[in-house]
Amino acid sequence: MRPLPLTISFALTVISVQAENPVDFSREILPLLSNNCFECHGPDERERKAGLRLDTHEGALALLESGDHGVVPGDSGKSSIVTRMLTTDADDRMPPIDSGKSMRASEIAKIRQWIDEGAAWGGHWAFEKPERPSVPSEMEGWRTANAIDRFIQARLHEADLAFESRADKETLIRRVTLDLTGLPPTVKEVDAFLADTSAEAFERVVDRLLRSKKFGEHMARIWLDAARYADTHGLHLDNERTIWPYRDWVIDAFNRNQPFDQFTIEQLAGDLLPEPSLPQRVATGFNRCNVTTSEGGSIDEEYYVRYAVDRVETTSTVWLGLTAGCASCHDHKFDPLTQKEFYQLFSYFYSLTEKAMDGNIHLPPPSVKVPTDAQRTRQTQLTAMRESVRAEIDTIHQDLTYTDPHLGEPLGELSQADHVWVDDALPEGAQGDGNEGADSWKWIEDPVVSGERASTRTASGLSQHFFIQAKTPLVIGSHDRLFAYVYLDPKNPPQTVQLQFNDGSWDHRAYWGANKGHASNRKGTANHHAGDLPKPGKWTRLEVSAEAVGLQEGAKVHGLAFTQYDGTVHWDKAGVVSVALTDAQLASLSLWEQFRKHTKAAPLDKALQDILDTTPNNRTEAQRDRLRRHFLEQVHPTMKASFAQQQAALRAIDEELAAIDKAIPATLVMEERKEPRQAHILERGEYTEKREAVSSQVPEWILPGREDLPPNRLGLAQWLVDPEHPLTARVTVNRFWQQLFGTGLVKTSEDFGIQGEQPSHPELLDWLALDFVGSGWDVKRFFKQLVLSETYQQSSRVTAAKRERDPENRLLARGPRFRLDAETIRDQALAVSGLLVHQLGGKSVKPYQPSGLWKPVAFGGSNTQEFKQDSGAALYRRSMYTFWKRTAPPPSMATFDAPNRETCMVRRARTNTPLQALVLMNDVQYIEAARHLAARTLREGGATLDERLAFAVRTVLARRPTPTEAASLLNLYEDQLAAFEADTQAAKDLLATGDSPRVDALDPNEHAAWTMVAHLLLNLSETVTKG
Amino acid sequence: MNPLREAALVETRRHFFGRTATGIGTAALASLLNPQLFATNQPNPEADLAKYRQFAPKANRVIYLFMSGAPSQLDMWDYKPQLNDWFDKDLPDTIRNGQRITTMTSGQERFPIAPSKFKFSRHGQDGVWISELLPHTAGIIDDIAVIKTVHTEAINHDPAITYIQTGSQLPGRPSTGAWVSYGLGSLNENLPAFVVLHSTVNGGFGGQALYERLWGAGFLSNRHQGVSLRSSGDPVLYLSNPQGMSESMRRRMLDELAKLNAVRYQAVGDPEIQARIAQYEMAYRMQTSVPELTDISKEPDSVLKMYGDEVKTPGTFAANCLLARRLAERGVRFTQVFIRQWDQHGNLPNDISRQCRIIDQPCAALIRDLKSKGMLDDTLVIWGGEFGRTVYCQGKLTRENYGRDHHPRCYTKWMAGGGIKPGVVYGETDDFSYNVVKDPVHIHDLNATILHCLGVNHERLTYRHQGRDFRLTDVHGNIVQPLLA
């Protein structure tokens, strides 16, 4: 047996196994040069020292300023890079001491060997088009299902390692169900699999899982890390945004197994497809998921640049596996990506119609409305109903005759009428408030000028009561005057009384007396002086024209404040006084028309207003009829009664249509500007430092752009999924591999560049990539192939010998085993407890979260400063639907390494911390799940303790407890039962955890004791691990 | 240790926990498994300490008093008496020199000078000018180093605070505290290495937003993330057992859990299981150590008095300063106290007076307290915000009332304790506190200096991410030697 290295780690040491082979430049030498030399001798021209360039063949061989050559093929002794690496002179030594880098003797020896062997040159492996490798031949005595196994086994054989036995069926079904759906199998599903002894049993399970809608959810959840999807803008106010229809699009795309190339094109450029469908536009939400700001003081240009940079970085991480961001400031230090090429990519994303400032609103444009099927159906129904009501109205018109009683007469004298808004009570829907908060409105029954009571207030200094959010606003007409009745206490008169009106802003104020009200430093309509204080001891009607306080015709007033400085003041009815026609006048179409003109009434809907604006003689017959109909249906004091029923029906229909329209979700999308914005190279990445103008173009050294592709995002997307592209397929299959095996074949799944890690199985990676493209980018087929491999189906048990040899399991001499993701841990607890509410998609929800997490950090004006927990079903949805506030993500998720979704992330960390223990120990979600699992155990688990325990354990772990485990758990059960029997209140307290009610029929002590057992099960290492 | 041998040891000691229902079994089990695992916060296995721990550390821990929103250097520290003659006159173009300003004031027709309305007087051995807003801080002036020339490029809060906290204006990088946790680990296995405290202002929160990323771990392991210690509810999230679950029930459940996990470990040999057993034990210990930490009832009256009345109200800045000392005492590496509401675009004199009343006494008390406990020598204390404020007025200007916009080009911070030369005033600004005239200190320089005090070479404390070795100071940062003791 060959001597073996103690551990097998990748990049370089693995090579030492095969010292007799010639050096492979691309895999062994290029990474060494990149890591140690490229910072000063690489692609970045400005940083280049001594004229030496080691990222190109010519550069390495060139004559240097010193007269030496960096590399002399066949003679390492004459190659200055070697002599400088070996010198003992600290000043000359490479890499320089102050770089913090140093090279091992074995690494220098490798470089010498390479030079002595002739210094063969080659490109970085990932930038070369993959060639279909030959599949290693099957090895005798090994379990082999498909080509994947043969690649893995060949490598294991080389390392003198062998497969672990196949995992037992219970382990297998739990593993594959978690892997393909993010949820555990039910006991029934486990039983069915155990009962199916056919050779296809496992494949049947896999097919069932791939058909499940949960597959799409699980796949989407992982993709959304890459898409940096979240429910808030992410910067400054971090207000809510609406983009969840994009999230639902991703779920759907995976469920209908959309080919990955199309999946790519629609997300990057769906809007640029010919006649894009609504879903194709929704898909472009991918690049609207980036963080945005609306911080006061920000400069637009700076943010246009930042957004485009983020999109380049995200797009290149996800599809190219390249860390393009480095090249935003300078040429890439390691990879051949130049700064110019970066800004050519940048240019693709620099010409969107979005605004730099998101306005802190839900839907910073552009956005599209995305009705659900139910909404669309109802809209059609309502529209049809509307038609039939209109038809009824037509019938009524046929029976009516109308002659204008005042045709040709002038308008004459007009009467005035009070429209009372506030009297004895606040308007409907209004929220009372004031100096004492909700208790600010106080009432007295004497003195009163109207109705039963008046509001009152005694103050020292500035004080007020007010309301906002009245359901029906006061609509201001032309010539309207606002009024309120006031009574000043003669014994304690105020210095000032003030009325403040709110139409979205409070800057509409009138005061009487001293200028001591609100906004006393303001003038004009924001603080209009309307007169002296009225005489105390009697009711006075205060009046001020709407115009004087800046309320124009059509303004809608929702709030009113009664303000005073010192004194005791009573207030009574308030409202608006308008000029109006008498009923007799109103029976005349011509007087009504004149009145509208005279009062400059707010315009009617456009068609009608156009008719009104047309001189009567010039109107067509159809126009006259239309106007007459409107008048009879809605204005005429008596005749309109004939239409009352239909009008009410129309109103109801319109209200519902409006409500649906309002409820239809919308989502952020991409849209190209008509006039493209010119991109420039930006010196050091600074938006103010514009250099050479550049246009959209792909980095040709990866794959030359095709002439027939459009020079926009669509062309970029099509370039990415060109079957000849060396990176996209490799990067994608590697991420899929990582998803199942915990580590990608290239561990640095975000970086396939020269600084990234070498693949553990380069041929397998290429084979998978070509196979994937060849299959038409078929994602479900790909996953099926992976899980059907024997490699995947091995037991994950690890012997000491194997652990020592391959601690990270890169060679796969055992099955994958690692901690579940945050979302899966919670979803699993919900599933096994029976609490999980399985509803696909929809608006994000806010399940349990400890109180007081948002307030201490949120901006005062943010609409996400108060966390309002949802109730009912929303507490039990899959975690991918949890509302994601970027600046304060859900803590139970973040604790288990969920990213904050501020930037693109394709590889999560997997830590093991005490804070995770605390979440599982004490988060109400998990305690509640435990008590529901306990209730299920009592009701569904059978009659005996043993049966119940088996049920609980099988529900959580898919397997039966061992005798040792059973004894231990039942021992715990008995102890806890005794403890609860001694203190039933404690049992009831425990069972009161969480919003859902406890099942009263169950004995609380027994239920609580089982809850402790269930609680323990949910905390087991095995439970939070895929094994 | 060989895992099979470990498993065998577990096996031979099974009687240890086979018959007991107390915590002894688990403790014994844990120590059998791998004592190293309890030291998760000890100097970091991911990082190569020798590579960057190149100087003898002067400070072992840091307390960072962060004034979010940006306090006005002109009204607190940077005394410019000659500005009185400039009242309501325009800022000379030669001073502004075309520098960009925020869009909140870029539309103003004028940039009228607003002299500070506050009186300054001289304090300490060198007669340092300090505003009347800071009477207590004036009393410790000989213990601190005042830096008048801190500067940054960011001109708005979100990018600026992200910049000073993480070394980058864009989200995604680890925060200073996370770097320190990564580099140096914790000195106390029962508490996190990096703790964050949020302060109320007059009983409430509000002001410029803060973000988890400001104490986040970025691409480092999330065990280096700052843990917020809360003043209401559980001090550490999910710390308390659910209602109805007594401490003994918890212990019993954890014992059984450890036992079953150990059985599983025997069966499958995965070392992560051992680690998880250890994490549960640490969680259990935190359930005791954290309440003890936040209980200040045993602090002597003299100490409480020093911090002022508010110290007894949890969540106040005063209470947080005392808590910071208690955390430092217990070996927490990095404690960051945030207080907001310094963003005074208008009504500055009134609002800054309120803020200074809140912070002045506790800041001084913290320094005195640390000193009297002999801890100031190896505790680095830092005070300040994300940028400064403009000499010109935003909004209406009177002698008595004015506002100031954001100003990145110079502002004042102070440092004290471990590694810092006391009694220093460093750097000079021009007559308008607009530009640095002498000894600029970029925020990267400041961060480099903080790491230096901890014995860390800021150029060597790196983490490989996306193929690049990242560091807190990016590719910048110079240690400010004259500040060092």
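This is a predicted model: local features need pLDDT of at least 70, side-chain atom pairs count only at pLDDT 80 or more; totals for chains, interfaces and linings use all residues.
Residues are numbered from 1 along each chain as its sequence is written, and chains are lettered from A and ligands numbered from 1 in the order in which they are written. Local features need pLDDT of at least 70 and side-chain atom pairs count only at pLDDT 80 or more, whereas totals for chains, interfaces and linings use all residues.

**Exercise 1. Describe the overall make-up of chain A.**

Solution. Begin with secondary structure, where helices (H or I, at least four residues) and strands (E, at least two) are DSSP runs numbered from the N terminus. Chain A has 34 helices and 18 strands. Next, take the extent: along the principal axes, its C-alpha atoms fill a box of roughly 115 × 80 × 65 Å. Then consider burial, for which a residue is buried if 20 or more other C-beta atoms lie within 10 Å of its own, exposed if 12 or fewer, and partly exposed in between, with C-beta atoms placed from the backbone. Of the 1027 residues in chain A, 48% are buried. Finally, contacts require C-beta atoms, placed from the backbone, within 7 Å. Among contacts in chain A with a separation of 6 or more, 69% join residues 24 or more positions apart.

**Exercise 2. Which residues have the most contacts inside the largest nonpolar core?**

Solution. A nonpolar core is a set of buried Ala, Val, Leu, Ile, Met, Phe, Trp, Tyr and Cys residues joined through C-beta atoms within 7 Å. The largest has 323 residues, and those with the most contacts inside it are A:Phe346, A:Val1013, B:Ala145, B:Cys321, B:Ile367, B:Val381 and B:Met415. For B:Ile367, set aside the neighbours within four places in sequence; its contacts are then B:Ile140, B:Asp143, B:Ile144, B:Leu376, B:Val381 and B:Ala416. Another core, of 35 residues, lies apart from the largest one and includes A:Leu482 and A:Ala555.

**Exercise 3. Which element gives the largest share of the side of chain B that touches chain A?**

Solution. First count the two sides: 70 residues of chain B are in contact with 81 residues of chain A. On the chain B side, the elements giving two or more residues are helices H1 (3-12), H8 (157-166), H10 and H11 (271-294). H10(B) supplies the largest share, 11 residues. By class, this side divides into 27 nonpolar, 26 polar and 17 charged residues; Ala, Val, Leu, Ile, Met, Phe, Trp, Tyr, Cys and Pro count as nonpolar, Asp, Glu, Lys and Arg as charged, and the others, Gly among them, as polar.

**Exercise 4. Where in chain A do A:Asp238 and A:Pro447 lie?**

Solution. As background, most residues other than glycine have a negative phi, and most peptide bonds are trans. A:Asp238 has a positive phi of about 55 degrees and is placed in the loop between helix H10 (213-226) and helix H11 (244-255) of chain A. A:Asp238 counts as buried because it has 29 C-beta neighbours inside 10 Å. A:Pro447 is joined to A:Asp446 by a cis peptide bond, with omega about 0 degrees. The loop that holds A:Pro447 runs between strand S4 (442-444) and strand S5 (454-468) of chain A.
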